[in-house]
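Here are my notes for someone opening this one for the first time. Have a look at the model before reading on.

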Amino acid sequence: MNQRVPPSDLELAAMISSKICHDIINPVGAIFNGLEILDEEDDEQAKSYALNVIRNVTEQASARLEFARFAFGAAGSAGSMIDLATAEKISRGFVSITQGKHKLIWRGAPGLVAKDKVKLLLNLIASAVTALPRGGEIDVSIGGSFEQPTFLIRCKGTAARPPQYLTDFVAGKPLALDAITIQAYYTWRIAPSAGMRLEILKDGADILLVAKPAG
C-alpha cells in the first residue's frame, strides 16, 4: 500500500493489530515452550531454567501489551487525559524489554496531558529505540505547558541514526505500509491530530526527535 493513498480505518486497524501480534507472538511462544519443559522434564535444573524463561518473557509480553494499549488503543474515552507519570512508567517498561541495551532518562513533571499527545510521545520513544540499534541513552525532555507541551527526545549512542521509516514519512516519501512500517506511519499521522508537528534533526552524533505545537 502506498503512503499517497491513505489506508481506510479498517486497513489501519488491521495493520496495527498485525504489528501487535507480531510483537508478542515470540514471547508467547517462549512461554508455551517453557511450559512444555516443565511438563516433560524431571531435571530440577531444566525446570528452574524454564521458570526463569517463563518469568522473563511474561514480563516482556506484559510490557509490550501495556505499551500497545496506550500507544495505539483508546486507553480511556475520547478526549480523556493521561498522566505523564503513567507515560513514564509505561515507557520504562517498554525500554526494559531491551534488557539493558537502552537507558531511559526522563525529564518531565507528572501532570495530565491530552491522550493523543501522550500517544505521540510513546510512539516517539518506540522510534527512538530503533534509532539506537546498538543501544544507548534515550533522553526524554518534556517542556512547555501541560496544555501545549513540547517533546525533545535525544538519542545518544554508538551508530545512532535517524529512525528510518519515520524519517521517510516526515520527509514525505512514499512507503509501502505493512506490520513493519505501520508504527512509523501511525506516529506521523497522529502528530497533526494531536496539534503537533514533527522534526528529526542531527546534533553532532546524536539524533533528536522533536514534537512541537503546530503553528
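Where does Ala159 lie?

1. Ala159 sits in the loop between β5 (149-156) and α5 (164-170). Its phi is positive, about 65°, although Ala159 is not a glycine. At 39% relative accessibility, Ala159 counts as partly exposed (buried means under 20% relative accessible area, exposed over 50%, and partly exposed in between, with a 1.4 Å probe and protein chains only).

2. A word on what you're looking at. This is a predicted model, in which local features need pLDDT of at least 70 and side-chain atom pairs count only at pLDDT 80 or more, while totals for chains, interfaces and linings use all residues. Residues are numbered from 1 along each chain as its sequence is written, and side-chain values use heavy atoms, leaving out hydrogens and water.

3. On the overall layout: the protein has 6 helices and 7 strands, and reading along the sequence gives α-α-β-α-β-β-α-β-β-α-α-β-β. The radius of gyration (taken over C-alpha atoms) is 18 Å, close to the 17 Å that the globule rule (2.2 Å times the number of residues to the power 0.38) gives for 215 residues, so the protein is as compact as a globular protein of that length. Helices here are DSSP runs of H or I with at least four residues, and strands are runs of E with at least two, numbered from the N terminus.

4. The C-alpha atoms fill a box of roughly 65 × 35 × 35 Å along the principal axes. Of the 215 residues, 41% are buried. Taking contacts (heavy atoms within 4.5 Å) between residues at least 6 apart in sequence, 68% join residues at least 24 apart.

5. Now for a helix pair. Helix α4 (residues 115-130) packs against helix α6 (residues 182-193) at about 150°, with the axes 9 Å apart. The two are therefore roughly antiparallel (the label for angles over 145 degrees). Their crossing is left-handed, meaning the near helix is turned anticlockwise from the far one by less than a right angle.

6. Who touches whom there? On the α4 side, the residues include Asp116, Lys119 and Leu120, and on the α6 side they include Tyr186, Ile190 and Ser193. By class, this contact has 6 nonpolar, 5 polar and 2 charged residues.

7. Lastly, Glu66, which is in helix α2 (residues 44-71). At 33% relative accessibility, Glu66 counts as partly exposed. Glu66 and Ala179 are 113 residues apart along the chain, and their C-alpha atoms are separated by 18 Å.

Methods. Axes fitted to C-alpha atoms, helices over the stretch in contact; angles between N-to-C directions. Parallel < 35°, antiparallel > 145°, perpendicular 65-115°, else oblique. Nonpolar A, V, L, I, M, F, W, Y, C, P; charged D, E, K, R; others polar.
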